Every structure is written in structure tokens, then in C-alpha cells.
Amino acid sequence: MRFQFLALLLILFASATTNQAIIGGWSPIKNITDPYVIELANFAVVEHDKQKGETLKFEKLIKGESQIVVGTNYRLTLSAKNGSSSNNYEAVVWDLKHLRKLTSFERA
């Protein structure tokens, strides 16, 4: 059992260093035009609208960071339109193979 735990830790560490990410630390997302990251940003806006009864519309992703935990946290700075005005927001989305949860969404 102890060997399996150590092997798992070694695999996670190797995976994290291959992707230049630090387990538990925030790392910049280098390609913010990646369709998966854009999908997460759009999810954040749609989920926020559901929770708060608002009608924001996702416009663009400005920057992002990721944090490896059990799954991955994504801290995304995005632009969303509310009627005719655009504002920037910071959203944190937890993701584990398409199982997602919006953990925060605030105006930046």
C-alpha cells in the first residue's frame, strides 16, 4: 500500500513537471485561445448566470492560471457583456474530466 502511494505521488510529480505546473501552485496558462480553456470560461459565465439570475454573455478570455489539485482549478480573467456594457470578471472553475464547479465569480 505504501509503495502504491509513493508510486502515485511520483507519477503526479512527473506529470506536473512535464506540463511545467507545480502541484498546489498557480501556473500561467500559455495558450488562452485553447478551445478547452475557452469552454471553461464560457461555463463560468453561464453557471454564474444560472446561480445569480443574470444575463451576462461571455466575450473573451483575457488571461488564465491553473492549479493542480484533485482535478484542476482554473483562475480566469474574462470579459463579459451585460446589455451594452462590458466588464472584466475573475472566475475560478474546478474541473475534473468535464465534472465542473464554479467556485467563485467576481467583478475584477
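Biologist: How many strands form the sheet, and in what order?
Modeller: In this predicted model, 5 strands form an open sheet in the order 1-2-3-4-5, with antiparallel pairing, where strands are DSSP runs of E of at least two residues, numbered from the N terminus, and two of them pair if DSSP finds at least two bridges between them. Local features need pLDDT of at least 70 and side-chain atom pairs 80 or more, whereas totals for chains, interfaces and linings use all residues. Residues are numbered from 1 along each chain as its sequence is written, and side-chain values use heavy atoms, leaving out hydrogens and water.

Biologist: Which strands are at the edges?
Modeller: Strand 1 (26–28) and strand 5 (99–107), each of which pairs on one side only.

Biologist: And how many bridges join strand 3 to strand 4?
Modeller: There are 11 bridges between strand 3 (residues 71–82) and strand 4 (residues 85–96), and Tyr74 stands opposite Val93 in strand 4.

Biologist: Switching to rings, why is the pair Tyr89 and Phe105 stacked?
Modeller: Ring centres must lie within 6.5 Å to pair, and planes under 30 degrees apart count as stacked, over 60 as edge-to-face and the rest as tilted; the centres of Tyr89 and Phe105 are 5.1 Å apart with planes at 25°, so the pair is stacked. Tyr89 belongs to strand 4 and Phe105 to strand 5, 16 residues apart.

Biologist: Is Tyr89 buried or exposed?
Modeller: Tyr89 is buried, because its relative accessible area is 8%, and buried means under 20%, exposed over 50% and partly exposed in between, using a 1.4 Å probe and protein chains only. Phe105 is also buried, at 13%.

Note on methods
Helix = DSSP H or I, 4+ residues; strand = E, 2+ residues; numbered from the N terminus. Phe/Tyr/Trp six-rings, centres within 6.5 Å; stacked < 30°, edge-to-face > 60°.
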